[in-house]
Amino acid sequence: MIERLGAITFKGQPLTLIGPELKIEDTAPDFKVVDENLQDVKFSSLDSPIKLISVVPSLDTPVCDAQTRRFNEEASSFSEDVGVLTISMDLPFAQIRFCTVAGIDRITVLSDYKYASFGKSFGILIKELHLLGRGVFIVDAEKKIRYVEYVREMTHHPHYEAALAALKSILLRV
């Protein structure tokens, strides 16, 4: 497995990401995660042709909380062609609690705790912490990556406006 030393930082300290650094135009790899019912979910089985994938280290931190709330809020304006996923290493029980308390109801929250399949496939698994780094990926109906952001400092927010603009651009072509 590829290791990318110093690919991201946490409070300035370098960390290693496991897996390839995906780029725009790459084919999105398939992966297996767990849903709120502890059932396996494969990426290839998800219905929405276009997917915005928001990746967070843990929902119980301020930036992850804000990121998840922001994409949940934005999801209300997306067409039915867009599925919004938030993926973290949080246990599904913690994800359910978070979503209930935060009123998260427009996105699908999935856990990579069991297999780390998403983290390894998308190159965002942190070796030292066994958490996911922060990032945003947009995958179109042909399974091509159309937007990718690996947030370099874990305590920073992603570039929301750039991700949303990329999504709007894809929707204009549909």
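A nonpolar core, as I use the term today, is a set of buried Ala, Val, Leu, Ile, Met, Phe, Trp, Tyr and Cys residues joined through side-chain atoms within 4.5 Å. Buried means under 20% relative accessible area, exposed means over 50%, and partly exposed is in between, with a 1.4 Å probe and protein chains only.

The structure above is a predicted model, in which local features need pLDDT of at least 70 and side-chain atom pairs count only at pLDDT 80 or more, while totals for chains, interfaces and linings use all residues. Residues are numbered from 1 along each chain as its sequence is written, and side-chain values use heavy atoms, with hydrogens and water left out.

First, the chain as a whole. The protein chain has four helices and 11 strands; these are DSSP runs, H or I of at least four residues for helices and E of at least two for strands, numbered from the N terminus. Along the principal axes, the C-alpha atoms fill a box of roughly 40 × 35 × 30 Å.

Of the 174 residues, 52% are buried. The accessible surface comes to about 8200 Å², and 54% of this surface belongs to carbon and sulfur atoms; the areas come from the Shrake-Rupley method with a 1.4 Å probe, and for residues only the protein chains shown count as cover. A contact here means heavy atoms within 4.5 Å. Among contacts between residues at least 6 apart in sequence, 65% join residues at least 24 apart.

On charge, there are 20 positive and 24 negative side chains, and the centres of the two sets lie 3 Å apart. Lys and Arg count as positive, Asp and Glu as negative, and His and the chain ends are not counted. The place of a charge is NZ of Lys, CZ of Arg, CG of Asp or CD of Glu.

Which residues touch the most other members of the largest nonpolar core? They are I53, I87, F118, F122, I124, L132 and F137, out of 29 residues in that core. Elements giving two or more residues to this core are β1 (3-10), β2 (13-18), β5 (50-55), β6 (82-88), β8 (125-126), β10 (135-139) and β11 (145-150). The largest share, three residues, comes from β2. Leaving out residues up to four places away in sequence, F118 touches F31, K32, V33, I53, V55, I87, D112, G123, I124, L132 and F137. A second, separate core has 25 residues, including V56, C99, A102 and L164.

Next, some individual positions. M154 is in the loop between β11 and α4 (160-173), and M154 is buried, at 7% relative accessible area. Its contacts, again not counting residues up to four places away in sequence, are I8, T9, F10, L15, P57, I126 and R134. M154 and V56 are 98 residues apart in sequence, with their C-alpha atoms 9.0 Å apart.

P92 belongs to helix α2 (residues 92-102). Its relative accessibility is 0%, so P92 counts as buried. With residues up to four places away set aside, P92 touches V34, D35, E36, L38, S111 and Y113.

T27 sits in the loop between β2 and β3 (32-34) and counts as partly exposed, at 48% relative accessibility. Beyond residues up to four places away in sequence, T27 touches K143 and K144. The C-alpha atoms of T27 and R146 are separated by 9.5 Å, although these residues are 119 apart along the chain.

Last, the backbone. K11, which is not a glycine, has a positive phi of about 50°. Is K11 buried or exposed? K11 is exposed, with a relative accessible area of 63%, and its place is in the loop between β1 and β2. H130 also has a positive phi, near 50°, and is a residue other than glycine. H130 is found in the loop between β8 and β9 (131-132) and is partly exposed, at 44% relative accessible area.
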